[in-house]
Amino acid sequence: MSHFLAIIRRDIKLALRQGGGAPLAVAFFILVVTFFPLGIGPEHALLERISAGVVWVAALLAAMLSLDRLFQADFEDGGLDLLALSPLPLELIVVAKCTAHWLTTGLPLLIAAPVLALLLDMAPDGLAVLALAMLLGTPSLSLIGAIGAALTVGIRRGGVLLSLLVLPLYVPVLIFGAGAVEAATSALAPRPHLLILGALLLAALALAPWASAAALRLNLD
Amino acid sequence: MTAGGTFEGRGLDCVRGERVIFEDLDFSVEAGAALMVTGPNGSGKSSLLRLAAGLLRPAGGHLLWDGAEITGAIEVHRARLAFIGHLDALKPSLTVAENLSFWSALSTTHGRLDDAALDAALNRFGLAALANVAARLLSAGERRRAALARLAVSSATLWLLDEPTAALDAASTAALIELLEAHRAGGGLVVVASHVDLGLSGAAALDLGARPRPTP
């Protein structure tokens with residue numbers, strides 16, 4: 001357990017010091033969301049209608065930003081060899097790195113999301129559900145993204161390939177994440193959507209660490 | 001340190017991509033012994049060390065610890081080895097002390113390292129004054145010393161070193177040799193791949209360049 005925490009602590013420290021983590025993702029998130037009223041015009045009904053989708057799409061893109069460095073920095077400086085030789089199984093190392101990634105990207109996005117949704121005139125009923133949906137959805141983004149990051153770890157400038165690999169896998173999170181908010185704002189029950197988001201998270205937690213670790217082993221060989 | 005054993009490779013074949021690096025290679029290191037692996041570029045020194053660490057799978061042959069396949073209990077094998085690759089595994093934005101304490105915390109089973117042990121390791125390679133300097137500001141030799149300091153806090157039995165003296169000055173090389181000899185005196189095993197003869201007492205030599213080139 002102390003090894004697990006040591007990796008999380010180090011990765012958070014790295015993300016904060018290199019400036020590539022939380023502040024960058026949140027700034028990107030805010031910029032993308034504010035572009036919509038600027039582009040479409042300040043029509044309340046229209047913005048309210050698209051708010052859930054816009055916030056979710058912007059969050060998916062922002063969560064992708066720092067993914068390409070998730071394992072690559074360690075791969076390039078030889079640290080991945082040492083991580084692979086540590087007593088902690090590679091699968092748990094993946095979970096630790098995803099946890100750190102979520103804490104420095106997903107969590108700040110989750111905090112910023114309701115504020116931005118308010119900017120887009122989202123109905124008050126939707127805000128709490130949006131936060132809840134993002135709490136369930138964003139960890140899945142880090143975990144699913146880890147598979148893509150592990151597959152492209154050996155490729156220089158693999159960021160574009162990573163997006164092409166990972167974005168299609170984000171579709172279910174987008175559909176049910178936006179669906180939950182949609183349901184709440186149209187006085188339907190958001191519960192089924194949230195349950196499916198929870199199920200997606202559990203599935204990602206069960207499968208992504210194994211897939212990522214297998215991909216990393218291929219790249220170490 | 002855990003008690004030493006005998007580490008052997010029997011009939012090892014190594015294939016990288018389509019290329020056969022070496023075939024039918026044998027080596028043996030006993031507790032307290034050292035093995036110097038030499039050979040020209042591309043002869044498979046690094047590959048042999050990665051095989052020995054269990055990072056690569058041999059295309060053929062066996063790696064044995066006290067006669068038992070290392071793949072049978074790979075976690076046990078990982079726990080008894082310390083690996084210094086040709087890359088330094090330092091994070092540019094972390095300080096020398098932070099880098100060292102992270103890797104040593106990760107390699108020990110209890111995951112904790114006291115400050116005195118950390119300071120002693122840094123002192124051994126003359127890094128005390130650089131402890132709070134970010135690794136990105138270090139010279140190549142200083143980076144190498146920061147990587148080698150991991151050995152000084154290691155409780156591993158088997159040390160695998162890839163070109164440890166690259167960019168090292170004479171004083172640091174002497175400090176490394178002293179550390180290696182102390183490790184061997186305590187029953188540890190040392191495998192070094194290097195172009196430079198470290199002059200370890202009674203070290204066995206394995207010259208990969210002197211072996212017949214594998215037929216392509």
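Leaving aside its neighbours within four places in sequence, which residues is Thr152(A) in contact with? They are Asp68(A), Gly158(A), Leu161(A) and Leu162(A), where contact means that the C-beta atoms of two residues, placed from the backbone, lie within 7 Å.

Before going further, a word on what you are looking at. This is a predicted model, in which local features need pLDDT of at least 70, side-chain atom pairs count only at pLDDT 80 or more, and totals for chains, interfaces and linings use all residues. Residues are numbered from 1 along each chain as its sequence is written, and chains are lettered from A and ligands numbered from 1 in the order in which they are written.

Back to Thr152(A), which sits in the loop between α7 and α8 (159–166) of chain A. Helices here are DSSP runs of H or I with at least four residues, strands are runs of E with at least two, and both are numbered from the N terminus. Thr152(A) counts as buried because it has 26 C-beta neighbours inside 10 Å; the label buried asks for 20 or more other C-beta atoms within 10 Å, exposed for 12 or fewer, and partly exposed lies in between. Ala15(A) is 137 residues from Thr152(A) along the chain, and their C-alpha atoms are separated by 20 Å.

**Helix pairs in chain A**

Two packed helices are described by the angle between their axes and the distance between the axes. Axes are lines fitted to C-alpha atoms, for helices over the stretch in contact, and angles run from 0 to 180 degrees between N-to-C directions.

| Helix pair | Angle | Axis distance |
|---|---|---|
| α6 (90–119) and α7 (124–151) of chain A | roughly 150° | within 8 Å |
| α2 (22–40) and α3 (44–64) of chain A | about 150° | 9 Å |
| α9 (171–185) and α10 (191–220) of chain A | about 155° | 8 Å |

Because of its angle, the pair α9(A) and α10(A) is roughly antiparallel, and α2(A) and α3(A) are therefore roughly antiparallel to each other as well. In this wording, angles under 35 degrees are roughly parallel, over 145 roughly antiparallel, 65 to 115 roughly perpendicular, and the rest oblique.

The crossing of α6(A) and α7(A) is right-handed, and so is that of α2(A) and α3(A), whereas α9(A) and α10(A) cross in the left-handed sense. A crossing is left-handed if the near helix is turned anticlockwise from the far one by less than a right angle, and right-handed if clockwise.

Which residues do the touching? Between α2(A) and α3(A), Phe28(A) and Phe29(A) are among those on the α2(A) side, and Val54(A) and Val55(A) are among those on the α3(A) side. By class, this contact has 17 nonpolar, no polar and no charged residues. Ala, Val, Leu, Ile, Met, Phe, Trp, Tyr, Cys and Pro count as nonpolar, Asp, Glu, Lys and Arg as charged, and the others, Gly among them, as polar. In the meeting of α6(A) with α7(A), the residues include Trp102(A) from α6(A) and Met134(A) from α7(A); here the classes are 18 nonpolar, five polar and no charged.

**The sheets of chain B**

Chain B has an open sheet of four strands in the order β2-β1-β4-β5, with antiparallel pairing. Two strands pair if DSSP finds at least two bridges between them. β2 (19–29) and β5 (68–69) of chain B are at the edges with a single partner strand each, so one side of each has no neighbour in the sheet. β1 (7–16) and β2(B) pair over seven bridges, and Arg16(B) stands opposite Arg19(B) in β2(B). Helix α1 (45–53) of chain B packs on this sheet, touching β1, β2 and β4 (60–65) of chain B.

Another open sheet holds five strands in the order β6-β7-β8-β3-β9 of chain B, with parallel pairing. Its neighbouring strands are turned by 15° against each other on average, direction ignored. β3 (34–38) and β8 (189–193) of chain B pair over four bridges, with Ala34(B) opposite Val190(B). Helix α1(B) lies across β3, β6, β7 (158–162) and β8 of chain B, running at about 150° to β8(B).

**Where the chains meet**

Finally, 25 residues of chain B are in contact with 19 residues of chain A. On the chain B side, α3(B) gives the largest share, five residues. That side has 14 nonpolar, five polar and six charged residues.
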